[in-house]
Amino acid sequence: MGLSKEQKLDIVRTFGSCETDTGATEVQVALLTARINELSEHLKAHRKDHHSRRGLLAMVGQRKRLLGYLERSNYEGYKELIQNLGLRR
């Protein structure tokens, strides 16, 4: 469980301005989205794993806050990011 280094580096390359730009809001949202998608698949198989479900809800909340910040500060970047990630908002 969890993202591999290669997957994380690929996401950072795609959404960041350089390979070490892990703090950018777009990169953080993309990494959270990948982790959320992976954990959602895990919870489909393990329905009674309530501890992981709580972590999933925390990640969803964090992503929502980051998207709200991005929407306020860079609306065009926000629209492009949700388009690329396939998020409904």
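The axes of helices α1 and α2 come within 9 Å and cross at roughly 140°, an arrangement that makes α1 oblique to α2. The model is predicted: local features require pLDDT of at least 70 and side-chain atom pairs count only at pLDDT 80 or more, whereas totals for chains, interfaces and linings use all residues. Residues are numbered from 1 along each chain as its sequence is written, and side-chain values use heavy atoms, with hydrogens and water left out. Helices (H or I, at least four residues) are DSSP runs numbered from the N terminus. Axes are lines fitted to C-alpha atoms over the stretch in contact, with angles running from 0 to 180 degrees between N-to-C directions. Angles under 35 degrees count as roughly parallel, over 145 as roughly antiparallel, 65 to 115 as roughly perpendicular and the rest as oblique.

The crossing of α1 with α2 is right-handed (the near helix is turned clockwise from the far one by less than a right angle; anticlockwise gives left-handed). On the α1 side, Lys8, Ile11, Val12 and Phe15 are in contact (heavy atoms within 4.5 Å) with Glu26, Val27, Ala30, Leu31 and Ala34 of α2. By class, this contact has seven nonpolar, no polar and two charged residues (Ala, Val, Leu, Ile, Met, Phe, Trp, Tyr, Cys and Pro count as nonpolar, Asp, Glu, Lys and Arg as charged, and the others, Gly among them, as polar).

Ile11, located in helix α1, counts as buried because its relative accessibility is 13% (buried is under 20% relative accessible area, exposed over 50% and partly exposed in between, with a 1.4 Å probe and protein chains only). Apart from residues up to four places away in sequence, Ile11 touches Leu3, Gly16, Ala30, Leu31 and Ala34.

The loop between α1 (5-15) and α2 contains Ser17, which is exposed at a relative accessible area of 67%. The side chains of Ser17 and Asp21 are joined by a polar contact of 3.0 Å (a pair of N or O atoms within 3.5 Å; within protein, one must be able to donate a hydrogen and the other to accept it, and residues adjacent in sequence count only if both atoms are side-chain atoms). Ser17 and Val27, ten residues apart in sequence, have a C-alpha to C-alpha distance of 9.3 Å.

Helix α2 (residues 25-45) also packs with helix α3 (residues 50-73), at an angle of about 155° and with axes 9 Å apart. These two helices are therefore roughly antiparallel, and their crossing is left-handed. Residues of α2 in this contact include Val29, Leu32, Thr33 and Ile36, while those of α3 include Leu56, Met59, Val60 and Arg63. The residues of the contact of α2 with α3 divide into twelve nonpolar, eight polar and four charged.

Arg63, a residue of helix α3, is buried, with a relative accessible area of 15%. Beyond its neighbours within four places in sequence, Arg63 is in contact with Val29, Leu32, Thr33, Ile36 and Leu87. A separation of 13 Å lies between the C-alpha atoms of Arg63 and Arg88, which are 25 residues apart along the chain.
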